[in-house]
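Thanks for asking me to look this one over. My notes follow, point by point, with the structure first.

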Amino acid sequence: MNLEKIAARLGFREQSGVFVVNYKGYEVTLTSYKVPGALVGLPMLMFVFNQPLDKSQRKVIAKQSGLKGFVPESVGLIDNAFLSQANFKDQEKLNRYLDQMTEVFQSLGLKTLDYCPYCGQYETDGTRNIKGSIIHVHETCVKNFIDQVETHLETKGQSKEFMVKSLLYAVIGGFIGLIPSIIVLFATGFYSAWLFMIIPFAAFYGFKKGGAQKGSYVMIFIAVISLILAPGFMFYIYYADAMFYEVPFSEYLAVEEIRGYFVRDMIMSVLFTIISLSVAWKSIYKQTHGQIKKDLQALKK
Ligand SMILES: [Zn+2]
């Protein structure tokens, strides 16, 4: 989709290379955004606020606006923004939506970010295009912020403290992520490969609970744990079946029909794990130092 065309249709004006509209005191940016799992960018509306959005505020916004697909975002490394789909037929439809949204924002006491997000002061002397939105900043604030985060990443970020605990928790998390698959298997006698999708998220949740620094390598751990657990579980189902019939596993697999199912199911479990990893990748990566470094790069100009 051509962003310029949409901007023209919906009445956005271009300002410093960004499409914006000011609606009832709120600045709305039209931007192309890749949601997790998507191959191409989608036209999205972006709202950036003067304070971080907590869980309850996000809930209220999502509920009262009937938002389909609510994507939280952090601008300047503060969780103060969100994106929503911009599929409006015309400006009238957009305005009706914005009426609804601005009412919700007002009720939550949210305002457009109109000061330097790093020091909270006005009279800014620069701007940054942060994730598609123009943000007013002080040049020195940005510089200090970059120095600060970089120092943090170089010192604390390199720390291996809690790493063993985090890895252990990640494995435990992965096993917990397997529980739905086990329950469904026992309840129905069938496995659901879709349920393997829970594993990477559960493993990452466990890792976070462990308290170690989240370097980019976290992604590798999660992938390895998931790729061992899901096919491992599948293998165990067949192994347990052989045990049940008191047949050696190799003999059990010598039966052509069973071998066929076994191979199919092993491939399926690997395939679904790969799919689930590709879905989970972006939302997990977003929480690692990899994303922070990328965000910093964008600030450097
Ligand atoms: Zn500042």
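1. One aromatic cluster is made up of Phe235, Tyr238, Tyr239, Phe249, Tyr252 and Phe262; rings of Phe, Tyr and Trp (its six-membered ring) pair here if their centres lie within 6.5 Å, with planes under 30 degrees apart called stacked, over 60 edge-to-face and the rest tilted. Please keep in mind that this is a predicted model, where local features need pLDDT of at least 70 and side-chain atom pairs count only at pLDDT 80 or more, while totals for chains, interfaces and linings use all residues. Residues are numbered from 1 along each chain as its sequence is written, and side-chain values use heavy atoms, leaving out hydrogens and water.

2. Helices (H or I, at least four residues) and strands (E, at least two) are DSSP runs numbered from the N terminus. Both Phe249 and Tyr252 are buried, where buried means under 20% relative accessible area, exposed over 50% and partly exposed in between (1.4 Å probe, protein chains only). Beyond its neighbours within four places in sequence, Phe249 is in contact with Phe235, Tyr238, Tyr239, Ala242 and Phe262; contact means heavy atoms within 4.5 Å.

3. The count of aromatic pairs comes to 21. One of them, Phe244 with Tyr245, is edge-to-face, at 5.1 Å centre to centre and 85° between the planes. Phe244 and Tyr245 are both exposed. The pair of Phe249 and Tyr252 is stacked, because the ring centres are 6.4 Å apart and the planes meet at 25°.

4. Which residues touch the most other members of the largest nonpolar core? They are Phe196, Ile222 and Phe249, in a core of 31 residues. A nonpolar core is a set of buried Ala, Val, Leu, Ile, Met, Phe, Trp, Tyr and Cys residues joined through side-chain atoms within 4.5 Å. Two or more residues each come from α5 (163–188), α6 (198–210), α7 (218–244), α8 (249–254) and α9 (256–285), and α7 gives the most, with 11. A second, separate core has 25 residues, including Phe12, Tyr23, Leu94 and Met101.

5. Val218 is in helix α7 and counts as buried because its relative accessible area is 0%. Setting aside neighbours within four places in sequence, Val218 contacts Phe204, Phe207, Gln213 and Thr288. Val218 and Tyr245 are 27 residues apart in sequence and 41 Å apart in space, C-alpha to C-alpha.

6. Now the metal site. Cys116 (SG), Cys119 (SG), His138 (ND1) and Cys141 (SG) coordinate the zinc ion at 2.0 to 2.3 Å; donors are N, O and S atoms within 2.8 Å of the metal (3.2 Å for Na, K and Ca), and water is not among the atoms, so sites may look incomplete. The arrangement is tetrahedral because the four donor atoms subtend angles of 98 to 118°, the requirement for four donors being that all angles lie between 85 and 135 degrees. The donor spacing in sequence is C-x2-C-x18-H-x2-C. Cys116, at 0% relative accessibility, is buried, and His138 is buried at 12% relative accessible area.

7. Lastly, β7 and β8 run antiparallel and are joined by five bridges; strands pair if DSSP finds at least two bridges between them. They form a hairpin with two residues between them, and Lys131 in the turn has a positive phi of about 50°.

Key
Four donors count as tetrahedral if all angles lie between 85 and 135 degrees; four count as square planar and six as octahedral if opposite donors are over 155 degrees apart and all others between 65 and 115; anything else is irregular.
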